[in-house]
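Biologist: I have a structure open and would like to learn how to read it. Could we take it feature by feature?

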Amino acid sequence: MDIIKQILSNYSETLPTDSKTAVAIARGATAEEIAASANAEGLHALAGALFEALEEQNATGSPGESDNSVLGALASRLQEFRSQLPSDSQTARAIDRGARLEEISEAAQAEGLTSLAAMLMEAEQEQARD
């Protein structure tokens, strides 16, 4: 079974049927949209698992992904996260002012946004290799 389908199967049974995340899963939304919805509803474990699975797909070059790097998807994922953050969030402020990835990552870690911090850490490592 596809890892994303497996993650959704594991979590979907525990979601309230009226949650935006459950509705997104039921209508077959993209994993990115479901992860953003889960993040907005505070379902960080689900959002993190989906983002990690998406990054793994990128790394292995699975079909449907044209860019195998974290950096290639970073801007859109940052904006997805940003749209879900309150304006008084340090992470949101760092994203808004175009701070270095390290600074955004530190703010995300401090605010408990572990999936975002992990994605940014991977992007930092990728930048260092390039």
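Biologist: Is Arg-97 buried or exposed?

Modeller: The general idea is a scale of relative accessible area: buried is under 20%, exposed is over 50%, and partly exposed is in between, using a 1.4 Å probe and protein chains only. Arg-97 counts as exposed because its relative accessible area is 53%. Keep in mind that this is a predicted model, in which local features need pLDDT of at least 70, side-chain atom pairs count only at pLDDT 80 or more, and totals for chains, interfaces and linings use all residues. Residues are numbered from 1 along each chain as its sequence is written, and side-chain values use heavy atoms, with hydrogens and water left out.

Biologist: Which side chain meets Arg-97 in a salt bridge?

Modeller: A salt bridge here is a side-chain nitrogen of Lys or Arg within 4 Å of a carboxyl oxygen of Asp or Glu. For Arg-97 the partner is Glu-103, at 1.9 Å from N to O. Glu-103 is partly exposed, because its relative accessibility is 27%.

Biologist: How many salt bridges are there by this rule?

Modeller: The count is four. Among them is the pair Arg-27 and Glu-33, at 2.2 Å from N to O. Arg-27 is exposed at 53% relative accessibility, and Glu-33 is partly exposed at 35%. Another pair is Arg-100 with Glu-102, whose closest N and O atoms are 3.6 Å apart. Arg-100 is exposed, with a relative accessible area of 55%, and Glu-102 is partly exposed, with 39%.

Biologist: How many helices and strands does the protein chain have?

Modeller: Helices (H or I, at least four residues) and strands (E, at least two) are DSSP runs, numbered from the N terminus. This chain has eight helices and zero strands. Of its 130 residues, 42% are buried.

Biologist: Which residues of H3 are buried?

Modeller: Helix H3 spans residues 31-40, and seven of its ten residues are buried. They are Ala-31, Ile-34, Ala-35, Ala-36, Ser-37, Ala-38 and Asn-39. Just after H3, Gly-42 has a positive phi of about 80°.

Biologist: What does Thr-21 touch?

Modeller: Contact means heavy atoms within 4.5 Å. Leaving out residues up to four places away in sequence, Thr-21 touches Leu-15, Ile-34, Ser-37, Ala-38, Glu-41, Leu-43 and Leu-46. Thr-21 sits in helix H2, residues 20-26, and is buried because its relative accessible area is 0%.

Biologist: And how should I read Phe-81?

Modeller: Phe-81 belongs to helix H5, residues 70-84, and counts as buried because its relative accessibility is 2%. Beyond its neighbours within four places in sequence, Phe-81 contacts Asn-39, Phe-51, Ser-115, Leu-116 and Met-119. Its C-alpha atom is 9.8 Å from that of Ser-37, a residue 44 residues apart along the chain.

Biologist: Which residues have the most contacts inside the largest nonpolar core?

Modeller: A nonpolar core is a set of buried Ala, Val, Leu, Ile, Met, Phe, Trp, Tyr and Cys residues joined through side-chain atoms within 4.5 Å. The largest one has 34 residues, and those with the most contacts inside it are Ile-4, Leu-50, Leu-74, Leu-78, Ile-104, Leu-116 and Leu-120. Helix H4 gives the largest share of this core, six residues. Ile-4, for its part, touches Ala-31, Leu-50, Ala-53, Leu-54 and Gln-57, not counting residues up to four places away in sequence.
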